Amino acid sequence: MKTVLLSGRVMWLEILLALVLGFVIYWFVSQDKEETLPLGDGWWGPGAMPEAQEDKTIRPFKVETSDEEISDLHQRIDRFRFTPPLKDSRFHYGFNSNYLKKIVSYWRNEFDWKKQVEILNRYPHFKTKIEGLDIHFIHVKPPQPPSGRTPKPLMMVHGWPGSFYEFYKIIPLLTDPKNHGLSDEHVFEVICPSIPGYGFSEASSKKGFNSVATARIFYKLMLRLGFQEFYIQGGDWGSLICTNMAQLVPSHVKGLHLNMALVLRNFHTLTLFLGRRFGGFFGYTERDMELLYPIKEKIFYSLMRESGYMHIQCTKPDTVGCALNDSPVGLAAYILEKFSTWTNPEFRDLEDGGLERKFSLDSLLTNIMLYWTTGSIVSSQRFYKENLGQGFTQKHERMKVYVPTGFAAFPCELIHVPQKWLKFKYPKLISYSYMARGGHFAAFEEPELMAQDIRKFVGQVEQQ
């Protein structure tokens with residue numbers, strides 16, 4: 001009898017907590033007010049900002065290599081010191097060194113960097129100076145623009161440890177849909193910049209270069225290209241940069257499409273702890289419940305396993321960066337491990353990390369080479385310290401986003417974000433899709449699914 005009474009009291013206490021939490025959320029939602037981030041300005045190049053006006057020339061750029069560059073790479077690979085893995089460790093201790101030997105052998109003896117450079121140059125590359133930095137981007141126009149219609153400008157922004165190369169397979173689906181089995185209702189002109197400090201974009205020479213500064217530079221890039229209104233899409237850091245663009249210049253952003261979202265400062269996340277019992281009350285769908293619970297495994301253990309690199313890069317990125325910038329094999333192991341478990345957490349149970357189930361070695365090594373040949377791993381890691389090193393205290397984290405928003409929820413993303421959570425941060429969320437498959441590197445892994453969702457979202461925006 002006492003057990004029944006105790007159980008009843010616990011249930012009523014949970015109900016009371018749920019009601020109180022619901023009231024708190026309602027109160028905060030009712031305080032909504034639209035605001036924008038101040039645009040400001042900056043100078044991230046060497047020295048002080050010059051008095052003369054910045055050169056706004058857009059210059060053609062070509063990816064190049066040399067026999068000397070390849071020879072140096074091969075010599076460093078040849079000096080790789082192998083450490084045997086523990087028995088049956090698979091990818092639970094990080095990158096399995098037995099499989100790493102296969103990667104290294106392919107890289108050294110079969111990978112053709114000159115051929116991959118030709119592939120990289122299939123799309124037009126450019127550079128232009130903005131706020132003292134040489135900004136690299138690819139700009140792909142439709143081969144056959146639709147008669148009587150203007151292509152829709154779309155900027156796609158990568159993250160870490162990715163690059164503009166992630167979008168090479170999705171670009172033709174967006175710029176030339178008719179020749180890829182899609183309707184030409186929505187034809188895009190695609191711009192993919194490299195985040196400053198990544199690949200061919202110059203790194204800041206000053207502290208403090210964060211996602212807001214990047215967003216402002218990318219907005220200036222779109223203006224320089226002649227676009228007053230445009231769509232933007234991003235995952236990983238790209239999702240934050242695109243979110244900041246929408247907060248800075250909402251009148252210029254026609255639509256924001258994301259496949260990842262940072263919604264930590266969100267009272268709806270508190271419902272997670274009661275959601276298993278009151279999921280429907282808090283707006284969770286059955287699919288949300290599958291992707292979020294059990295919390296211990298899907299969120300707590302997952303974050304513990306996958307966020308160690310983040311703590312390093314948020315605090316002392318230069319230290320580990322010295323090692324990675326000196327060893328191509330170390331760099332490959334560090335980056336490719338993310339393409340394993342961030343694509344599917346279950347891949348950690350496989351001897352080869354499942355890498356070749358979704359990607360070719362040529363594609364994976366091309367992305368590695370964009371970090372290696374440019375020596376940009378250290379500057380790319382500093383982006384973590386500039387954005388997260390001071391804790392979650394920046395103004396944009398508290399601000400909502402008031403532009404039409406679409407979200408593609410890929411099931412193997414690091415953390416699932418339910419529609420209810422997103423709606424709090426993005427009140428104009430008009431499209432939310434549970435994707436059939438895919439993980440963190442969505443455009444790289446599942447270009448067809450991503451293209452379909454972008455097209456669906458743009459169609460909904462233009463019907464409004």
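**Reading strands, a helix and a few loops**

Student: Which residue in β5 is the bridge partner of M155?

Tutor: The bridge partner of M155 in β5 is I191. This is a predicted model, where local features need pLDDT of at least 70 and side-chain atom pairs count only at pLDDT 80 or more, while totals for chains, interfaces and linings use all residues. Residues are numbered from 1 along each chain as its sequence is written, and side-chain values use heavy atoms, with hydrogens and water left out.

Student: How many bridges join β4 to β5?

Tutor: Strands (E, at least two residues) and helices (H or I, at least four) are DSSP runs numbered from the N terminus. Two strands pair if DSSP finds at least two bridges between them. Here, 4 bridges join β4 (residues 152-157) to β5 (residues 188-193), and the two run parallel.

Student: In what order do the strands of the sheet stand?

Tutor: The open sheet has 9 strands, in the order β1-β2-β3-β5-β4-β6-β7-β8-β9, with mixed pairing. β1 (58-61) and β9 (429-434) each have a single partner strand, so one side of each is left without a neighbour in the sheet.

Student: Which residues of α3 are buried?

Tutor: Buried means under 20% relative accessible area, exposed over 50%, and partly exposed in between (1.4 Å probe, protein chains only). An α-helix has 3.6 residues a turn, so residues three or four places apart point the same way. In α3 the buried residues are S97, Y99, L100, I103, V104, Y106 and W107. Down the axis of α3 they fall within an arc of 165°, so they line one face of the helix; the arc is that of the directions from the helix axis to the C-beta atoms.

Student: What do these buried residues pack against?

Tutor: Contact means heavy atoms within 4.5 Å. The buried residues of α3 pack against α2 (67-78), α13 (328-341), α14 (355-358) and α15 (361-372).

Student: Where are the cis peptide bonds?

Tutor: In a cis bond here, omega is near 0°. One runs from W160 to P161, and P161 lies in the loop between β4 and α5 (171-175). Another runs from Y293 to P294, with P294 in the loop between α9 (286-292) and α10 (295-306).

Student: Is D236, with its positive phi, buried or exposed?

Tutor: D236 is not a glycine, yet its phi is about 55°. D236 sits in the loop between β6 (230-234) and α7 (237-248) and is buried, with a relative accessible area of 11%. R90, also not a glycine, has a positive phi of about 50°. R90 belongs to the loop between α2 and α3 and is partly exposed, at 24%.
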